[in-house]
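This report goes through side-chain contacts and surface features. The sequence and model come next.

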Amino acid sequence: MSFLAHRRRWLIVVLLAAFSVVNYVDRQALSVLAPTLRKELGISTEQYSYIVSTFLAAYAIGYAVAGRTLDRWGVKAGLALALGFWSLVGMGHAAVVGWLSLAAARFLLGLGQSFNSPGGMKALAEWAPQRERGLSSAIFSNANSLGGVLAPPIVATLALWLGWRWAFLITGAAGFLLLWLWWRVYD
């Protein structure tokens, strides 16, 4: 067997970490673009707070159903559907026209992204031997922070070069590349 075949579990860990990076880049795009969106779309401070709250509410709702859904569908299909959904919704942020449409997009993003942590932990339980689960979990979990660190320069650069709508489109589209890799590798 090849070197990679013996260490396929580490490829899964890296893919799961990439899920977390993409998850947080998509999530943090709003924070980076908030001043521009508030100005261009005429969003008040109060309306912005509703937008942020809808994401958090949806995330909590999604967490409540994610585990059972992943158990029923399996990790490969469940995380693939969640990634495809949140990537599509992330791209859909480019079509918002006001605070209500942005709140709706954030709600849907929260539902989709809520599957990342339970799905990742379930995948690690399936792939990582018990003696390597701590390290695997640390890599997966710390990728959230990496996504949070990468989001500002990536999103800001895209917005400055191409505009805020393209920043949402490109960061959302990154999930589809990851989805293709996930579907080919995870078995």
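## Basis and terms

Buried means under 20% relative accessible area, exposed means over 50%, and partly exposed lies in between (1.4 Å probe, protein chains only). The model is predicted, so local features need pLDDT of at least 70 and side-chain atom pairs count only at pLDDT 80 or more, while totals for chains, interfaces and linings use all residues. Residues are numbered from 1 along each chain as its sequence is written, and side-chain values use heavy atoms, with hydrogens and water left out.

Helices (H or I, at least four residues) and strands (E, at least two) are DSSP runs, numbered from the N terminus.

## Salt bridges

Side chains of opposite charge can pair when their charged atoms come close. A salt bridge here is a side-chain nitrogen of Lys or Arg within 4 Å of a carboxyl oxygen of Asp or Glu. The count by this rule is four salt bridges. One of them joins Lys122 to Asp71, at 3.1 Å from N to O. This pair links distant parts of the chain, since Lys122 is in helix H6 (residues 116-127) and Asp71 in helix H3, 51 residues apart. Asp71 is exposed at 55% relative accessibility, and Lys122 is partly exposed at 25%.

Lys122 also meets Glu126 in a salt bridge, at 3.8 Å from N to O. Glu126 and Lys122 are separated by about one helical turn because they are four residues apart in helix H6. Glu126 is partly exposed, with 46% relative accessibility. Elsewhere, Arg131 and Glu132 form a salt bridge at 3.9 Å, N to O. Arg131 is exposed, with a relative accessible area of 69%, whereas Glu132 is buried, at 14%. Salt bridges link Arg9, Arg131 and Glu132 in a network.

## Aromatic rings

Rings of Phe, Tyr and Trp (its six-membered ring) pair if their centres lie within 6.5 Å; planes under 30 degrees apart count as stacked, over 60 as edge-to-face and the rest as tilted. The structure has eight aromatic pairs. In one of these, the ring centres of Tyr50 and Trp99 are 5.7 Å apart and the planes are at 45°, so the pair is tilted. It links distant parts of the chain, with Tyr50 in helix H3 (residues 45-73) and Trp99 in helix H5 (residues 99-113), 49 residues apart. Both residues are partly exposed: Tyr50 has a relative accessible area of 39% and Trp99 one of 25%. Ring pairs also connect Phe19, Trp86, Trp127, Trp182 and Tyr186 into a cluster.

Two charged side chains sit over rings, a contact that requires NZ of Lys or CZ of Arg within 6 Å of the ring centre and within 35 degrees of the ring normal. Arg27 lies over the face of Tyr24, 4.2 Å from the ring centre. Lys76 lies over the face of Trp183, at 4.4 Å from the ring centre.

## Nonpolar surface patch

Patches are made of residues with over 30% relative accessible area and no salt bridge; like charges are joined within 9 Å, and nonpolar side chains (Val, Leu, Ile, Met, Phe, Trp, Tyr) within 5 Å. Leu160, Trp161, Leu162, Trp166 and Ile170 make a nonpolar patch of about 650 Å², with areas from the Shrake-Rupley method and a 1.4 Å probe, for which only the protein chains shown count as cover of residues. Helix H7 (133-162) and helix H8 (164-185) are the elements that give two or more residues to this patch. H7 provides the largest share, three residues. Leu160 lies in helix H7 and is exposed, at 74% relative accessibility.
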